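Please look over the sequence and the structure before reading on.

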Amino acid sequence: MKKIFLCLVACVATMASAQVLNVVSMERLAVPAPIQDARVAAISPSGDYILLTGLANQGLTRFDVASSKISVLSTAQRAGMDAVISEDGNDVLFRESEIDANHKWNESVIHTNLPSMRREVVVAPTNNLGTVNRRMMPGRTNKMSEPEVSVNHDLQIVVSVNGETRILTPQGKNMSYIWATLSPDRTMISYYCSEIGGFVCDLNGNVIASVGKNCRAAKWLDNQTLVGHEAHSDGRDYTSAYITACSLDGKCQRLTDASMMALFPVTSGNKIAFSNLNGEVYMMTVSK
């Protein structure tokens with residue numbers, strides 16, 4: 001099936017504030033029919049492949065952008081929740097989950113080397129896993145000085161660096177925090193305070209910027225730009241959803257139109273990959 005190239009010049013809707021990115025092109029990827037209700041879980045550093053999961057994070061599949069070939073990495077529940085790709089794109093970390101006899105999630109972390117497809121368990125099954133992060137990648141013991149960020153079971157931000165772990169609650173201990181990610185230069189944290197909206201803080205929890213409620217599940221495009229989604233519902237179903245870009249100086253822009261119903265983007269370089277509610281997968285190229 002041919003990839004469908006779409007020009008967004010005439011149809012991209014922009015919010016009230018100034019433009020953040022130029023949308024150069026967008027293509028619908030030829031995801032094979034066996035992958036139903038696909039959602040993009042991660043994109044490789046070079047953008048040559050993406051990891052796909054189901055809408056409920058069921059399973060994890062590698063999709064090669066150029067050839068449209070797929071490799072199934074896992075069929076387990078929650079495998080796509082916070083999959084991690086190594087800096088060279090050769091290795092993937094992901095969780096595999098099942099409900100135990102006490103009706104709790106019992107989860108392990110799996111490492112798969114893509115060239116060989118060799119699997120190994122790097123974290124034994126536990127019911128207190130937290131977020132999968134790059135520090136769990138085999139061979140990274142010499143990089144413990146690099147910060148890592150996660151969200152714990154109490155929905156607080158956890159920062160680990162140089163063997164020290166601290167809890168951040170920038171909007172207060174009574175708030176809930178999700179979607180915490182480090183900036184490319186590893187000096188800032190983007191997160192969503194579920195009662196208020198999206199923010200950026202430093203590694204000590206000092207708030208640097210607010211991006212409001214229209215950049216959910218944000219990923220860093222660069223150190224000054226976040227890409228996420230804006231979604232509206234009637235309390236049961238989505239009524240509209242857009243991929244959005246926000247800059248730390250307060251600008252925000254819709255990158256897709258209302259017909260797309262697009263959610264949960266991932267980023268790499270000048271590429272943004274995402275899916276819509278119909279399980280269609282797209283790759284967008286942008287410039288500044």
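## Overall form

For a chain of 288 residues, a compact globule would have a radius of gyration near 19 Å, and the value of 18 Å found here agrees with that. The model is a predicted one. Along its principal axes, the C-alpha trace spans about 50 × 45 × 40 Å.

The chain contains zero helices and 24 strands. Of the contacts between residues at least 6 apart in sequence, 40% join residues at least 24 apart.

## Interior and surface

Buried residues account for 52% of the 288 residues. The chain exposes about 13300 Å², and carbon and sulfur atoms supply 49% of that area.

## Cysteines

The chain has one disulfide. The bond joins C246 to C252, with an S to S distance of 2.3 Å. Both C246 and C252 are buried.

C215 has its closest cysteine sulfur in C246, but the distance of 4.1 Å is too far for a bond, because a disulfide requires sulfur atoms within 2.5 Å. C215 counts as buried, at 2% relative accessibility.

For C193, the closest cysteine sulfur belongs to C201 and lies 11 Å away, which is also too far for a bond. C193 is buried, and its relative accessible area is 0%.

Technical notes
Residues numbered from 1 in each chain as written. Predicted model: local features only at pLDDT ≥ 70, side-chain atom pairs only at ≥ 80, totals over all residues. Heavy atoms only, no water. Helix = DSSP H or I, 4+ residues; strand = E, 2+ residues; numbered from the N terminus. Rg over C-alpha atoms; globule rule 2.2 N^0.38 Å. Buried < 20%, exposed > 50% of the residue type's maximum accessible area, 1.4 Å probe, protein only. Contact = heavy atoms within 4.5 Å. Areas by Shrake-Rupley, 256 points an atom, 1.4 Å probe, with all protein chains shown as cover.
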